[in-house]
Amino acid sequence: MNRFDFIRPASLAEAVTAAAVPGSVYLAGGTNLLDLMKIGVTRPERVIDISRLPGLDRIDWLPDGGVRIGALVRNADLAYDTRFAATYPAIAEALLSGASAQLRNAATVGGNLLQRTRCAYFQDTAGACNRRELGSGCDALHGENRLHAVLGWTEQCIATHPSDFCVPLAALGAVVEIEGVEGRKDIPIENLHSLPDATSAQESALLPGDLISGLRLPPEAAAFAGNARYMKLRERASYAFAVVSAAAMLDMDGDTIRAARLALGAVAAKPWRAHTAEAALIGQRPTREAFEKAATAALTDARPSGDNAFKITLAHRILVRALTLAHEGTPKVMPALPASPFPEQHLPAPKGDLHVA
Amino acid sequence: MSPEKQPATSRYGSNAGQPLTRRDGILKVTGRATYAADNHPEGLLYAVMAVSRIARGRVRSMNVDAAKAHSGVVEVLTPANRPPLFHDPHEKMPPFGFRVEVLQDDSVRYGNQPIALVIAETLEAATEGAALLDPQYDTEPARVGREAGIRFDPPAVSIGGPPKTAHGDVEAGFSNAAITVEAEVETPPQYHNAMEPHAVVAEWDGNRVVLDMPNQALALSCASYAAFFGIPVDNVTIRSPFLGGGFGSKAILNGPQILAILAARMLNRPVKLALTRAQMYGPVGHRGQTWQKIRIGMESDGTLTALHHRSLSATSAFDDFLEPAANASLPLYASPAILVEHEGIRLDTGTPGPMRAPGEASGSAALEVAIDEAAQACGMDPLAFRLKNYAETEPATGKPFSSKALRTCYEEGATRFGWSRRPRAAGQMRDENGLLVGWGMGTAVFGCPHFPAEARATLRADGTALVETGAADMGQGAWTALAQIAAEALGLDPDQVEFHSGLSTLPDAGIAGGSGHTASAGLALNQAGGDAIAQLSDLAVNDPASRLFGAGNIGLTARNGRLYRRDDESRSESYAEILARSGRSDVVGTAKSNRDPTVATDHALYSHGAVFAEVKIDPDLGQIRTTRLVGAFAAGRIINPRLVQSQYFGGMIWGISFALHEEAITDKRTGRIMNADLAEYHVPVNADVPPLEAILVPEDDAIVNPIGVKGVGEIGITGTVGAIANAVWHATGSRIRKFPIRIEDVLSAR
């Protein structure tokens with residue numbers, strides 16, 4: 001087999017020192033890394049196993065009203081934590097819409113933030129991919145790209161970030177805690193993932209050795225618990241990545257929107273927070289018209305990167321749907337198919353224009 | 001442990017017709033069922049295939065030295081050192097021969113073609129050895145899609161079938177038509193994706209070889225391997241007790257398995273090869289892509305005047321298997337004129353082959369959509385339209401059907417579904433959530449082939465039986481259903497029958513394919529059991545000490561391990577008593593069975609069914625869900641209703657998959673398949689599958705074969721695809737003629 005060093009550090013500091021050596025990767029849940037190693041996309045020289053580092057698997061409620069989630073908390077454990085799910089229901093819904101039960105049991109919070117794109121050309125080592133090899137080109141650009149980016153892409157790369165979890169995190173302004181060679185630092189999640197850049201194949205703001213030790217949600221994130229949804233559109237009901245997805249959260253003051261949080265998934269190389277759309281909703285009444293306007297604002301810069309103009313239409317509609325359902329209120333019980341726009345029993349009739357038949 | 005050692009499981013009766021649970025069920029759920037790759041003979045070496053990363057060209061070089069230098073690598077097979085075979089791999093071996101790729105040269109004719117085999121002491125070493133080969137190619141442009149392919153007029157479709165069949169005057173039929181509809185339907189390449197990959201563990205002893213491999217056609221495969229390796233057929237033993245799915249892809253010899261067997265002989269050590277999931281997208285067959293065109297001519301009352309079905313079917317650059325899709329229009333709807341024809345198109349893809357309901361699945365998908373359009377064009381309910389054109393005899397030949405309970409299938413399915421409440425026009429139904437609701441239907445049909453088969457039934461001194469035939473259990477339940485047939489023939493409880501199967505040294509049970517295995521192997525078992533009982537009867541009626549002495553002309557009945565005088569059931573004797581007195585330890589019944597050939601020349605032989613589907617569609621998002629699926633099927637005598645229902649469910653779920661999910665996506669520039677894994681090649685998950693209903697419509701058939709069994713393995717797909725597509729139209733008014741139906745198709749089509 002391909003030989004690599006396997007290092008199991010005893011502390012964060014040891015881990016960071018070990019991983020600062022070029023050719024190193026961190027291993028946590030392994031749900032993404034091991035696949036990529038098997039298909040030859042990644043051939044690390046050193047695998048730094050952080051899965052047994054102590055203290056990173058806790059959910060700590062902070063005095064300021066926020067929460068800190070250790071990087072090794074499993075996706076399923078976080079989603080099923082009663083207090084967490086009640087406080088941040090859209091995050092729990094996003095987590096439970098991702099992958100399969102088996103994968104959610106193994107995958108970690110830190111790893112999820114850094115999962116690699118599912119672009120088939122990234123995974124296929126026979127073709128050109130600027131993410132794998134800067135300057136080799138992008139075979140997705142004129143290839144099979146119906147699910148590729150419609151925001152923030154360049155001819156360098158049209159891949160999307162596949163995470164569901166990151167979408168409501170971006171909406172809520174999560175802060176990523178990093179342990180690095182030069183000590184601790186915080187990075188807002190919006191700055192964690194890089195958009196494609198002709199001069200760099202860098203996918204994130206992390207430096208060599210940087211280790212995500214956890215993430216925090218700021219105190220104000222809890223204000224949206226009553227009106228929060230994550231909606232994920234896909235052709236297969238489960239175990240499929242999104243065609244488009246959206247997190248929508250409202251902080252209502254009677255019949256007026258006091259604050260709104262919006263982010264799109266599967267549309268760009270990062271979870272796409274829609275600041276202008278959020279701003280457009282503040283002080284508005286929660287009408288279909290207001291939601292449509294917000295969706296339009298969120299997608300002003302969208303353009304197809306290939307055979308995927310329909311994703312812009314769908315991104316608009318999934319935003320409106322997520323806002324509509326968020327306004328209806330967070331479901332009292334997690335839906336059996338989390339994040340599915342398809343109703344189990346009850347869904348309000350779609351209002352306004354119907355786009356089919 | 002063999003399945004028959006399992007304790008009796010819950011059941012309601014004793015043999016054929018009863019819904020017994022699977023005899024191999026406990027073995028499977030406890031992980032003790034041994035599949036091919038579970039075998040680890042001493043001294044085992046591991047083989048890993050290196051496959052081409054281009055779809056057309058040649059391998060210029062490979063770094064064999066680097067691979068061989070890797071620790072643990074024992075040998076690297078390439079075209080340069082591959083030992084000779086005794087059969088030309090380009091020469092097709094009848095009856096189901098395909099050209100195979102066994103490193104005969106350096107050419108590359110499709111992506112994932114085997115280009116080397118690395119053999120090592122460990123799987124990891126072989127895997128890395130294969131990676132180190134780093135092949136360099138001279139690449140030629142890949143031919144992908146309808147525009148780039150090379151068209152040809154095929155001499156045959158499927159396995160030796162006629163490419164064109166004409167009945168009546170089609171042009172006259174169209175000129176007499178008051179209404180004509182035309183539909184073009186496209187179906188994608190699909191891959192079998194059996195859960196168990198193609199695997200082999202090969203162990204030679206001199207010029208004898210034992211092969212552990214999943215295999216749907218034991219005797220045929222033995223003959224083929226014997227020819228490739230230049231050894232007598234009896235020197236090849238295949239052990240295939242369980243298959244983790246086959247769907248047609250494990251009936252055909254493939255290059256990788258031949259190479260692994262060759263490597264084992266070359267190195268004089270046992271060798272194991274298991275394909276990776278990605279490697280199953282190339283050298284082991286698939287359902288070929290089709291572009292179909294159907295024209296239907298009608299009188300204004302909906303009576304068909306002409307039916308023309310044309311399929312452009314894709315195959316590889318080097319072999320000829322063509323999806324016989326247009327033939328789906330031959331057996332179903334009464335039309336005075338029918339023309340079906342096929343054209344071939346060569347693409348740089350692996351050779352397609354039979355995949356569950358070959359021809360019928362793709363062809364029925366297109367035909368049922370076109371029939372729905374025809375019904376719409378003349379303003380008729382789709383069921384009424386189908387009944388209007390109900391075929392009382394086989395349309396293209398005029399032959400009578402051996403049995404055809406399709407009318408009952410329509411009635412029972414429609415009643416259960418509530419079809420009569422369906423509004424004629426599209427876009428009329430909404431549910432309480434505002435979702436668009438559509439109802440569609442399709443007719444299901446599948447032929448009843450019959451293969452020669454043999455069996456042996458031994459009645460033993462203790463009154464139990466040993467029954468032997470080399471059948472294949474792909475998950476369909478052969479271990480159970482065939483044992484039931486044998487038990488019935490022997491007048492025994494299934495628990496008293498030790499059933500041996502899945503081994504090539506047993507009598508040849510024919511092929512597990514074409515939905516014909518239960519009928520073919522079952523007939524042999526029925527006759528072998530009958531032979532054993534006849535011999536036992538002879539012993540009894542000729543033995544003055546027997547209570548049955550002299551009953552030869554009256555006849556005996558075998559039941560519950562006893563023979564009874566037919567005219568006086570108070571006079572009976574147990575098998576054990578008869579054998580004990582005769583001084584024999586056993587009686588061995590044998591059979592070599594086949595269907596009387598005149599049955600098929602004089603009759604049309606088909607299973608039938610009707611499938612009704614409900615879909616709901618989100619009008620904003622275009623998301624489709626199948627919310628109800630009701631099928632009613634008539635397939636002759638049902639041996640085990642529990643297993644048969646599962647077969648129908650499996651077929652119907654595959655229909656959902658065909659209609660809404662499955663598709664191999666090929667890069668048009670490189671010919672590489674871009675979704676060769678189960679994360680991205682979508683088949684339905686549980687949440688995509690609604691509550692299913694499969695109604696087993698009773699049907700007696702005294703003609704199709706002496707046991708009255710038709711086939712159930714493939715028919716479930718055939719009506720379902722069209723039913724779902726037609727439901728999508730009924731919900732939206734959009735006719736989508738390209739499978740699978742995607743969100744963007746729903747949003748943009750009209």
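## Starting with contacts

Two residues are in contact if their C-beta atoms, placed from the backbone, lie within 7 Å. Keep that in mind, and here is what it says about chain A: among contacts between residues at least 6 apart in sequence, 65% join residues at least 24 apart. In chain B, residues 24 or more positions apart account for 81% of the contacts with a separation of 6 or more.

Some ground rules for reading on: this is a predicted model, where local features need pLDDT of at least 70 and side-chain atom pairs count only at pLDDT 80 or more, while totals for chains, interfaces and linings use all residues. Residues are numbered from 1 along each chain as its sequence is written, with chains lettered from A and ligands numbered from 1 in the order in which they are written.

## Chain A

The C-alpha atoms of chain A fill a box of roughly 60 × 50 × 35 Å along the principal axes. Chain A is divided into domain 1 (5-52) and domain 2 (226-328), with bounds from an automatic or database domain assignment. The C-alpha centres of these two domains of chain A lie 36 Å apart.

## Chain B

Chain B comes to 17 helices and 28 strands. Its radius of gyration is 27 Å, close to the 27 Å from the globule rule for 750 residues, so chain B is as compact as a globular protein of that length. Its C-alpha atoms fill a box of roughly 85 × 70 × 50 Å along the principal axes, and 60% of the 750 residues of chain B count as buried.

Chain B also has two assigned domains: domain 1 (37-141 + 193-280) and domain 2 (452-593). Their C-alpha centres lie 40 Å apart, and 19 residues of domain 1 of chain B are in contact with 13 residues of domain 2 of chain B. On the domain 1 side, helix H6 (218-229) and strand E12 (236-239) of chain B are the elements that give two or more residues.

## Where the chains meet

The contact between the chains takes 35 residues from chain A and 39 residues from chain B. On the side of chain A, helix H13 (residues 309-328) gives the largest share, six residues. By class, that side has 21 nonpolar, eight polar and six charged residues. (Ala, Val, Leu, Ile, Met, Phe, Trp, Tyr, Cys and Pro count as nonpolar, Asp, Glu, Lys and Arg as charged, and the others, Gly among them, as polar.)

## The nonpolar core

A nonpolar core is a set of buried Ala, Val, Leu, Ile, Met, Phe, Trp, Tyr and Cys residues joined through C-beta atoms within 7 Å. The largest one here has 344 residues, and Leu319(A), Ala47(B), Val118(B), Ala486(B) and Leu490(B) touch the most other members. Helix H12 (residues 517-541) of chain B gives the most to this core, with eleven residues. Beyond its neighbours within four places in sequence, Leu490(B) has contacts that include Ala457(B), Val497(B), Gly529(B) and Ile533(B).

Helix H3 (residues 123-132) of chain B is mostly covered, with seven of its ten residues buried. Those buried residues pack against strand E1 (45-51), helix H2 (64-69), strand E3 (73-77) and strand E5 (114-120) of chain B. Just after H3(B), Asp134(B) takes a positive phi of about 40 degrees.

There is also an open sheet of three strands in chain B, ordered E4-E2-E6 with antiparallel pairing. Strands E4 (107-108) and E6 (136-139) of chain B stand at the edges with a single partner strand each, so one side of each is left without a neighbour in the sheet. Strands pair if DSSP finds at least two bridges between them; four bridges join strand E2 (residues 57-61) of chain B to E6(B).

Methods:
The radius of gyration is taken over C-alpha atoms; the globule rule is 2.2 Å times the number of residues to the power 0.38. A residue is buried if 20 or more other C-beta atoms lie within 10 Å of its own, exposed if 12 or fewer, and partly exposed in between; C-beta atoms are placed from the backbone.
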